[in-house]
Amino acid sequence: MQPVKIGLLGFGTVGGGTVRVLARNAQEIARRAGRELRITTVFTRDPSKPRLYSVEGMRLVTDPWQVVEDPEVEVVAELIGGISPAKELILRAIELGKPVVTANKALIALHGNEIFARASQRGVMVAFEAAVAGGIPIIKVLREGLAGNRIEWVAGIINGTCNFILSAMREQGREFAEVLKEAQALGYAEADPSLDVEGIDAAHKLTILAAIAFGIPLKFASVYTEGITRITPEDIRYAEELGYRIKSLGIARRSGEGIELRVHPCLIPARRLLANVEGVMNAVVVKGDAVGPTLYYGPGAGAEPTASAVGADLVDVVRAMTADPENRVPHLAFQPDALSDLRVLPMGEVETAYYLHLRVADQPGVLADIARFLADHDISIEAVIQKEPKPSQQDVPLIFLTHKVRESALDAAAKKIESLPTVKAPVHRIRLETLE
Ligand code: NDP
Ligand code: HSE
């Protein structure tokens, strides 16, 4: 059988990893796909860049359209990132009837509905395993492995850069900015790292997970997104003293009135498996009604872990090239005409417990005033600790853990608390999930 000819768009971290992995595992991959997979054309803006691996037999081009339009190229792997020109290139590949593999979660989250509709009309597969949780085959799990379940919730550490930063801050007491630089040097971060630390990359991934878990269209604009930039070393220390770790989580959950879609830092009990996922590792817990809670763990970013997912998608699309489009797994797991548009809960309606960090005057009655405002809003306190003031400061840190409360009630109580003259700074709050 003739080899399948693959065109790569992008020769950076993931593109380079894909070239290496496909070369190293060529035989194993061919045994699985039934045909040899050969990368023939590669787009890079800098073909003269020194590479530590062979590019023999590959045509390096500086115009991405030369990859897509190359009549020899049968499958296109988009590993550029961003919206444009990635979107135009993918749509053109679809128009030409070429299956596409992409690692681009931003593009899928924002334009996936349109891309999948076009792909379905044309009978072309667009595969995106590498777009979520790097090397963990979570798309395959949700689309196929758990297809017999009604998925109740998905919660995960789905940004390697954030987890790498939070782990280094906790374990080594290192500064945020310094660790972020290291994550960039290791190829974990996005080209614009604010997408990572502001939670946007995780929101892209959660958009995709929620769509295939619940059978809803991709709804990036409905995801509540909060980054890790306001997490301080003190928060990490106090959380630890209380038996918790701080992680950035993506959560998609069915509730009586709709679904929750949120990405934000979270305290998790230190005994939970998710709390012990460190560094660039990712982990996703999926709760299905039949199977119960299941956990998927692995590297969430980096050249070869991501190339592992790209390779799996290439094998899938090559196997499917001869299959009837009607008999393929639908892009978003559910048949396109069976997607339902569930209501996404506004954050005011979401219920979680809270960690509250206040700075207050060190004088009698302050604690009682705050406790009264919390009680007025039916917020019950699980724990409270008062810390020593810092040498240069007059006010003292006061930490509360609350039981579960509606976010709108917490907002109202915080507003009252902040109006007290003895409260010296806005209430700093982090949501707390027990993941039971
Ligand atoms: P890199 O920046 O390392 O590589 C991107 C490649 O695309 C480079 O070849 C670059 O050219 C080229 N490129 C970038 N911007 C443009 C543009 N505007 N026009 C034309 N070419 C461009 O990115 P990664 O390999 O890290 O990421 C690629 C994709 O994979 C992204 O969608 C990312 O989100 C996703 N991803 C990344 C992971 C990771 O761990 N890095 C993990 C999972 C997904 P040049 O070489 O000249 O700079
Ligand atoms: N920047 C992403 C992360 C890459 O750190 O998780 C993997 O999607």
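How many cavities of 30 Å³ or more does the structure hold? It holds one. The model is predicted.

## Domains

The protein chain is assigned three stretches of structure, named domain 1, domain 2 and domain 3. Domain 1 has two segments, 4-134 and 303-338. Domain 2 covers 138-299. Domain 3 covers 351-432.

How far apart do the C-alpha centres of domain 1 and domain 3 lie? The distance is 50 Å.

## The cavity

Rolling a probe the size of a water molecule over the atoms shows where empty space is left.

## Ligand 1

Ligand 1 takes up the space of the largest pocket. Around ligand 1 there are 21 residues. Those that come nearest are Phe11, Thr13, Val14, Glu190 and Gly302. By type, the shell divides into nine nonpolar, eight polar and four charged residues.

Backbone atoms reach oxygen atoms of ligand 1 at several points. For Phe11, a backbone N or O atom lies 2.8 Å from an oxygen atom of the ligand. For Val14, the distance from a backbone N or O atom to a ligand 1 oxygen is 2.8 Å. At Gly302, a polar backbone atom is 2.7 Å from an oxygen atom of ligand 1. Taken alone, ligand 1 exposes 890 Å², and the protein buries 79% of that.

## Ligand 2

Where does ligand 2 sit? Ligand 2 sits in the largest pocket. The residues around it include Lys105, Asn159, Gly160, Thr161, Tyr188 and Ala189. Glu190, Asp196, Asp201, Lys205, Gly300 and Ala301 are also around ligand 2.

Polar atoms from both backbone and side chains approach ligand 2. A backbone N or O atom of Gly160 lies 2.7 Å from an oxygen atom of the ligand. In the side chain of Lys205, an N or O atom is 2.8 Å from a ligand 2 oxygen. A polar side-chain atom of Asn159 lies 3.5 Å from an oxygen atom of ligand 2. Taken alone, ligand 2 exposes 250 Å², of which the protein buries 94%.

Technical notes:
Residues are numbered from 1 along each chain as its sequence is written. Chains are lettered from A and ligands numbered from 1 in the order in which they are written. This is a predicted model: local features need pLDDT of at least 70, side-chain atom pairs count only at pLDDT 80 or more; totals for chains, interfaces and linings use all residues. Side-chain values use heavy atoms; hydrogens and water are left out. Domain bounds come from an automatic or database domain assignment. A residue is near a molecule or strand if one of its heavy atoms lies within 4 Å of it. A polar contact is a pair of N or O atoms within 3.5 Å; within protein, one must be able to donate a hydrogen and the other to accept it, and residues adjacent in sequence count only if both atoms are side-chain atoms. Accessible areas come from the Shrake-Rupley method with a 1.4 Å probe; for residues, only the protein chains shown count as cover. On a 1 Å grid over the protein atoms alone, a cavity is a set of points where a 1.4 Å probe fits but cannot get out, and a pocket is an open set with protein on both sides within 12 Å along at least five of seven lines; lining residues have an atom within 4 Å of a point. A molecule sits in a cavity or pocket if more than half of its atoms lie within 2 Å of its grid points. Ala, Val, Leu, Ile, Met, Phe, Trp, Tyr, Cys and Pro count as nonpolar, Asp, Glu, Lys and Arg as charged, and the others, Gly among them, as polar. Grid points are joined across faces, edges and corners, and a volume is the space filled by probe spheres set on the points.
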